[in-house]
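My notes are below the display.

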Amino acid sequence: MTTQIKDLAHYKELYKQSVENPEQFWDKEAQTFTWFEQYDKVCEWNFTEPKVKWFINGKMNISYDCLDRHLPDKADQVAILWEPNEPTDQATSYTYQELHDEVCKCANALKNFGIGKGDRVIIYMPMLAELAIVLLACSRIGAVHSVVYCGFSAQAIADRTDDAQAKMIICSDYNKRGHKNIPVKAVVDEAMNIGCNSVETVLVHKNTGGEVNWSDDVDRWWHDEVPNQSPFCAAEEMDAEDLHFILYTSGSTGKPKGVVHTCGGYMVYSCFTFRNVFQYKPGDIYWCSADIGWITGHSYIVYGPLLAGASSLMFEGVPTYPDAGRFWEVCEKYKVNQFYTAPTAIRALMAHGDSFPAKYDLSSIKVLGSVGEPINEEAWHWYNDKVGKGKAPIVDTYFQTENGGIMITPFPGITDTKPTYASYPMPGIQPILVDKDGKEIKENNVEGLLCIKHPWPSILRTTYGDHERCRQTYFSTFKNLYFTGDGARRDEEGRLRIIGRVDDVINVSGHRMGTAEVENAINEHPSVIESAVVGYPHPIKGQGIYAYVISVDKELNDEFRKEINAVVAREIGPIAKPDVIQFVTGLPKTRSGKIMRRVLRKIASNEADKIGDLTTLRNPEVVESIKQGVLV
């Protein structure tokens, strides 16, 4: 099993080893896994082309390591627990043996449809156990999976399918989500009508049994094709650098970027980070509430936990259905030991008050995790006090789709935690701060641009079909560095705090400040539910601060604006006071819950006609109402 950090001295020693001799460090970690053929060399890399390879010429299969490797001693242990949307519906679970058999059946069905090594498969499914089965089945036969969040539009599916030239789409009929029964197959049908010319088969899982349109030419039912297959399928021998999956992420240009991850390095890193960040112990029940449509779900619902032989909980529903106690009810039901969710969910639940977490026995929770964006201080304290009861350390994790796994985090029970700080690099991660000219800033108590100076095993290899875009986006800004696109602050003890995307850093009269920092201050006002801050052109300051604020229990007037500015002045200083505060009923958010600030910047800058693509928004209707209420 991969190394697990024991204490602070051990962390410091491992980190030192990983920086001084990265190849030796990762070679040791890789020996945990099954190599059908040993690799010749641990790593080759340059950040100029860029070209990165790990475990060169090694042969393996990540599905084999997630499943077969555990069967001698974990065949009867639960691998996946599945909790349905409706609390009254039947929950299910799969042991490692049962999961292995279901994955093999699915893999054999895919082979019968002509899917093989290197073929791309688009997956558009809700949070069903079958979604995890499909990922592992693709991995088993060497197919390249690309999950599209089940909620994206038909156009988004078509764009991604066409870019990947996928041969197959796998979907469900409908998606149960809270009170809603959302058509899924109908969205795929629409996508097929506007693109997807490479698709030969659409495999449909019957989730609710609702009515669907049907084409005998391409549509096939899961229940006709999968259950009767053989429960054995040999794992395809994969090169460590073969494509494992493509995950599309929105680009600033509007065209999605297909981030490519490969097999060997991703396997090693996702397992190593899972075991260490969550300090998983045998017998623990681990729950990540993310969607598998995002990198968090790939790495920390499916691959990381299963590679580590863990029991991973999947949840079909939403945190507020049937009421705002659902997360905590599930934690109590399964005696969850590690719980991992997003600040968006935490803030939403916090708005419903303290009574919901107080109703449930949360004493089993040993570690609380936060992911997706920097967690603001108020939400951090609520999470710590009301959910963790001050006894479960919060790991405020930082990473990106392009990174494959967690890069910066506290380690529970080992390193300290500090609200709003992601804190410490994982062993193997070498972060530095640079100024706008790329010069390294070595002192502490500074802000700079966050770069990484050495590759780690799960770094992206390319953007699918467009390597130049990969080079331009991540490796061209600063020579010999991977640029995260984020600004960060390093405190006097060396902890790192992410202060937002570089284009989310506002320069007001020569003072640089992160939008997250201003939002954190605004959110300290007791009547503010959520805020979003952007820069806009200001005739005197260069950039002014424009704040969009949501409140429910306050009269929306200039007096309230003065109160907000007083809080910001108190928290940061008068220079950070917003020049404009617009009260809104909602903020434009992606399906993963991130605020799409480029839209807000365009509106604040009087460029609403240049907003561009909104297909990745879950609430595009809110954009029009914000435009109508703009104050500039």
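These are my entries, taken one region at a time.

**Ground rules.** I am working on a predicted model, in which local features need pLDDT of at least 70, side-chain atom pairs count only at pLDDT 80 or more, and totals for chains, interfaces and linings use all residues. Residues are numbered from 1 along each chain as its sequence is written, and side-chain values use heavy atoms, with hydrogens and water left out.

I looked up strands E1 (residues 41-46) and E2 (residues 51-56). Strands (E, at least two residues) and helices (H or I, at least four) are DSSP runs, numbered from the N terminus. E1 and E2 pair in the antiparallel sense, over five bridges. Pairing requires that DSSP finds at least two bridges between the strands. Four residues sit between E1 and E2 in this hairpin. I also checked Cys43: its bridge partner in E2 is Trp54.

A nonpolar core is a set of buried Ala, Val, Leu, Ile, Met, Phe, Trp, Tyr and Cys residues joined through side-chain atoms within 4.5 Å. Buried means under 20% relative accessible area, exposed over 50%, and partly exposed in between (1.4 Å probe, protein chains only). Which residues have the most contacts inside the largest core? They are Phe55, Leu99 and Phe278, in a core of 118 residues. Helix H6 (residues 129-141) gives the most to this core, ten residues. A second, separate core has 31 residues, including Leu81 and Phe315. I then followed Leu99. Beyond its neighbours within four places in sequence, Leu99 is in contact (heavy atoms within 4.5 Å) with residues including Leu67, Ile133 and Leu306.

H15 spans residues 377-387, and among its buried residues are Trp380, Trp382 and Tyr383. What covers the buried residues of H15 includes helix H12 (326-334), helix H13 (343-350) and strand E20 (394-396). After H15 comes Lys389, with a positive phi near 55°.

Is Asn175 buried or exposed? Asn175 is buried, at 4% relative accessibility. Asn175 lies in strand E9 (residues 174-177). Residues up to four places away in sequence aside, Asn175 touches Pro126, Cys150 and Asn207, among others.

His538 lies in strand E28 (residues 530-538). His538 is buried too, with a relative accessible area of 17%. Setting aside neighbours within four places in sequence, His538 contacts Gln543, Gly544 and Asp579.
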